[in-house]
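I opened my notebook to look up a few things in this structure. The entries follow in the order I made them.

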Amino acid sequence: MALREILKFGEDALRKKCRSVTKFDDRLAQLLDDLAETLIASDGVGLAAPQVGILRRVAVVNVRDERGTIELVNPEIIEESGSQTGNEGCLSAPNEWCEVERPNKVTVKAFDRHGNEFTITGKELAARAFCHEIDHLDGILFTDRVKKTLPGQGEKL
Ligand code: CO
């Protein structure tokens with residue numbers, strides 16, 4: 001396990017559409033381990049591979065509930081409902097928070113590190129985090145979805 005450097009807004013890697021994972025190998029496991037470790041060390045709730053310069057469809061989410069760190073490989077939102085508007089930040093944009101509207105509940109289809117498909121449903125912060133991280137895999141940043149800029153603080157995803 002190793003901490004990886006988190007790229008900041010302005011880096012090209014954050015604007016790329018990431019490629020799907022095709023090999024569920026040791027390298028993928030290492031990347032997931034590193035993302036999880038870097039996320040915890042950064043006190044965030046989500047981190048996507050392009051934020052550490054790896055242009056693959058991989059992300060981790062940890063909203064500090066009983067599910068711990070959720071690993072998402074090739075994630076896709078397959079269902080969404082409701083809406084929530086709240087304060088959102090990003091580990092790639094320290095000290096910047098904006099009001100962003102997201103679905104209140106989403107179901108994501110993804111693969112685990114071994115290539116097994118699963119679905120997972122998240123509400124509120126978890127739903128926000130799934131949407132935010134999947135956006136990262138398409139080069140979309142939360143500031144693209146801003147309703148208004150806020151002076152306050154919130155979770156870093
Ligand atoms: Co982010």
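Which residues does valine 60 touch, not counting residues up to four places away in sequence? I noted first that the model is predicted. I then listed the residues that valine 60 touches: Leu32, Leu35, Ala36, Leu39, Val45, Gly46, Leu47, Thr69, Ile70, Glu71 and Glu133.

**Entry: valine 60**

I found valine 60 in strand E2, which covers residues 58–61. I looked up its relative accessible area, which is 0%. Buried means under 20%, so valine 60 counts as buried. I also checked alanine 36, which is 24 residues away from valine 60 along the chain. The C-alpha atoms of valine 60 and alanine 36 are separated by 6.4 Å, and Ala36 is among the residues that valine 60 touches.

**Entry: the chain as a whole**

I counted the elements next and got 2 helices and 8 strands. I wrote down their order from the N terminus as α-β-β-β-β-β-β-β-α-β.

I then looked up the size. The chain has 157 residues, and a compact globule of that length would have a radius of gyration near 15 Å. The chain has 14 Å, so it agrees with the globule rule. Along the principal axes, the C-alpha atoms fill a box of roughly 40 × 30 × 30 Å.

I noted that buried residues make up 47% of the 157 residues. I looked at contacts with a separation of 6 or more, and 68% of these are between residues 24 or more positions apart.

For the surface, I noted that the chain exposes about 7,700 Å². Carbon and sulfur atoms supply 44% of that area. On charge, I recorded 22 positive and 27 negative side chains. The centres of the two sets lie 3 Å apart.

**Entry: aromatic pairs**

How many aromatic pairs does a search of the whole structure find? I got 2. One of them joins phenylalanine 24 and phenylalanine 111, with ring centres 6.1 Å apart and planes at 55°, so I wrote this pair down as tilted. Phenylalanine 24 is in the segment before helix H1 (26–42), and phenylalanine 111 is in strand E6 (residues 105–111). The two are 87 residues apart, and the pair links distant parts of the chain.

I checked the exposure of both residues. Phenylalanine 24 is partly exposed, at a relative accessible area of 31%. Phenylalanine 111 is also partly exposed, at 21%.

**Entry: histidine 136**

Is histidine 136 buried or exposed? I found that histidine 136 is buried, with a relative accessible area of 1%. Histidine 136 sits in helix H2, residues 125–137. Leaving aside neighbours within four places in sequence, I listed its contacts as Lys16, Cys18, Ala48, Pro50, Gln51, Cys90, Leu141 and Leu157.

Aspartate 43 lies in the loop between H1 and strand E1 (46–48). I found asparagine 74 in strand E3, residues 70–81. The relative accessibility of asparagine 74 is 13%, so this residue counts as buried.

Definitions and conventions:
Residues numbered from 1 in each chain as written. Predicted model: local features only at pLDDT ≥ 70, side-chain atom pairs only at ≥ 80, totals over all residues. Heavy atoms only, no water. Helix = DSSP H or I, 4+ residues; strand = E, 2+ residues; numbered from the N terminus. Rg over C-alpha atoms; globule rule 2.2 N^0.38 Å. Buried < 20%, exposed > 50% of the residue type's maximum accessible area, 1.4 Å probe, protein only. Contact = heavy atoms within 4.5 Å. Areas by Shrake-Rupley, 256 points an atom, 1.4 Å probe, with all protein chains shown as cover. Lys, Arg positive; Asp, Glu negative; His and termini not counted. Charge placed at Lys NZ, Arg CZ, Asp CG, Glu CD. Phe/Tyr/Trp six-rings, centres within 6.5 Å; stacked < 30°, edge-to-face > 60°.
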